Amino acid sequence: MILLQSPSRFLLQILKDRVVSGDKGVDIDCHTVEFDDVRYHIQFSMRNPKVMVLSVALPLAPPEAILHDGLPLGAIDAIKAAYGAVVQILDPPKDCFDVTMKINLTKLPTDEEQRNVVLTRIASVREVVLGAPLKLLLRHLASKTVAPNVDKLVALVHRPNESFFLAPQADKVTVVYPMRFQDSIDIVLATSFLQEFVEARRTAALNNAPSCMWSPVPPLELKGVNADALDANAGFVTFVVFPRHVEGRKLDKTVWSLLTFHAYVSYHVKCSEGFMHTRMRRRVESLIQQALDRAKSDAEKLKKLVHGGSFRRLSMKHEGNSNH
Amino acid sequence: SRPPPASRLRRRRLPLSLPHELRQPAATPRSRSTRSLLSPSADPRVRRPSVAMANTLRLYLTCIRNTLEAAMCLQNFPCQEVERHNKPEVELKTSSELLLNPVLICRNEAEKCLVETSINSIRISLKVKQADELENILAKKFLRFLSMRAEAFQVLRRKPVQGYDISFLITNYHCEDMHKHKLIDFIVQFMEDIDKEISELKLSVNTRGRLVATEFLKQFI
């Protein structure tokens, strides 16, 4: 699995199982944590078999990313638009969570395929909630206008206490990610990966992809942002998104890709480290094997020399017998 | 037994480093900001073997091989200071009459090999080429893996000598168990293997990066 998937497998599995088991079943009360500090809590009780309650907690927002009522801009509207009557938002959300929704199982479509589509969409609640402000901005880009009341530079949350920046304009949106890693090895690997992004974009096949740049210092778009938000040890990645990347069905995929870019790079850095370790261990074992084989063959040769294996042994028993 | 007379421990003069014309200039350290502006053909991240580089590698390894063949004249020598002890004299360096001149073979500023010999042991320390940050961590990790399994290799030292990346310690016992030319073959082969492995690791990391980047960007088309 190279790309990160939008619907959470955990939620999708629980929802599908619940819908399939129908009248029989047990109470469900499950917590889970996803990458970048997103927590889910899903509940189902046989006393009330027509509803499931889903709560979502979002990553901690840094000071420069503005939240409205504890949620990203436009989140409530996005939930209503995505789910319609199937989902009802509970206010206030459960303790320690940012949004709680009641899923009405009777309002799911009866046709299995359509039902799966709706369940998949519910499992993608993270993309809907966290990606709401991004989707708004990109929708304006698709219609080639600038959203009203929007500052020149918008900061959105994507990781705990970290944000990425958007500079929306009428004909393009510039997205800048300050890349931060904790491990020193991660930093070096990530830097080489990010430079591969720039190199890959240059190949002819990817001419239509958003243009991609990397720089070790904050680019000009981030002038005026305070220094805390700009401390990035693996440089800054800039994507320039054009209307052709957000038209029609591509909008959702673009929103998810841009939202989870840092998580994607970080995931692949870790995978590469694991691969490197496996490969090094295998190489070392093969070197040891070669060394031992060589040492063994030397020891055997030495034994042969000492015992004179090239000479035929005279049988003492024969001589003794013949003498008698 | 009495120590051998001083005249027997001949101090050999061996070539200290490669002749000036054949020395490979070390890659200038490039800052991160210029890397992305370079065209692929001038990409310093990819080691492109040139004829000159292959020549100096052969010369470097031949020089090391010749030095080792001359220096590996080991014999058993019980410790002079402590009764019934037998120590590798090159590690202790207490008595100067038991030590030969150390020989330093430099391929360039970044790669070198130090050969220290004594009457019953020889210590070979290598500094491996590390052109950039990525090669740095790859080399460090790989050599640490090797050093941790030093017992399996018998002649490997657990910790490299200060200023070097990896060290070997060969004693007269190793020479008794194994043929001298086999040992030298092993050391030279080892050096080649390390270099090859680090290049391959770097290439595989870059290939993975390219694949990851391509998959990501393909989503937008």
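Guide: Let's start with two words you'll hear a lot: helices (H or I, at least four residues) and strands (E, at least two) are DSSP runs, numbered from the N terminus. By that rule, chain B has seven helices and four strands.

Visitor: In what order do the elements of chain B run?

Guide: From the N terminus on, they go α-α-α-β-β-β-α-α-β-α-α. Before we go on, some ground rules: this is a predicted model, where local features need pLDDT of at least 70 and side-chain atom pairs count only at pLDDT 80 or more, while totals for chains, interfaces and linings use all residues. Residues are numbered from 1 along each chain as its sequence is written, chains are lettered from A and ligands numbered from 1 in the order in which they are written, and side-chain values use heavy atoms, with hydrogens and water left out.

Visitor: Why is A:V128 called buried?

Guide: Buried means under 20% relative accessible area, exposed means over 50%, and partly exposed is in between (1.4 Å probe, protein chains only). A:V128 has a relative accessible area of 6%, so buried is the word for it. You'll find A:V128 in helix α4 of chain A.

Visitor: Which residues is A:V128 in contact with, leaving aside its neighbours within four places in sequence?

Guide: Contact means heavy atoms within 4.5 Å. With those neighbours set aside, A:V128 is in contact with A:A78, A:I79, A:A82, A:Y83 and A:R121. On the same terms, A:F242 is in contact with A:L141, A:D171 and A:K172.

Visitor: Which residues of helix α2 of chain A are buried, and how do you know that they are on the same side?

Guide: In α2 (residues 75–83), the buried ones are A:A75, A:I79 and A:Y83. They cover an arc of only 45° around the axis, so they lie on the same side of α2(A); the arc is that of the directions from the helix axis to the C-beta atoms. On the other side of α2(A), A:D77, A:K80 and A:A81 are exposed. The buried residues of α2(A) pack against several elements of chain A, including β4 (87–90) and α3 (112–123).

Visitor: What makes the pair of B:E200 and A:R279 a salt bridge?

Guide: A salt bridge is a side-chain nitrogen of Lys or Arg within 4 Å of a carboxyl oxygen of Asp or Glu. For B:E200 and A:R279 the closest N and O atoms are 2.5 Å apart, so the pair meets the rule. The count between chain A and chain B is five salt bridges.

Visitor: How much area is buried between chain A and chain B?

Guide: It comes to about 5200 Å², with 68% from carbon and sulfur atoms. Buried area here is the accessible area (1.4 Å probe) that two parts lose on being put together, summed over both. A:E196, A:R279 and A:M280 supply 12% of the area that chain A buries against chain B, more than any other three residues. As for contacts, 54 residues of chain A touch 50 residues of chain B.

Visitor: How much of chain B is buried?

Guide: Of its 221 residues, 46% are buried.
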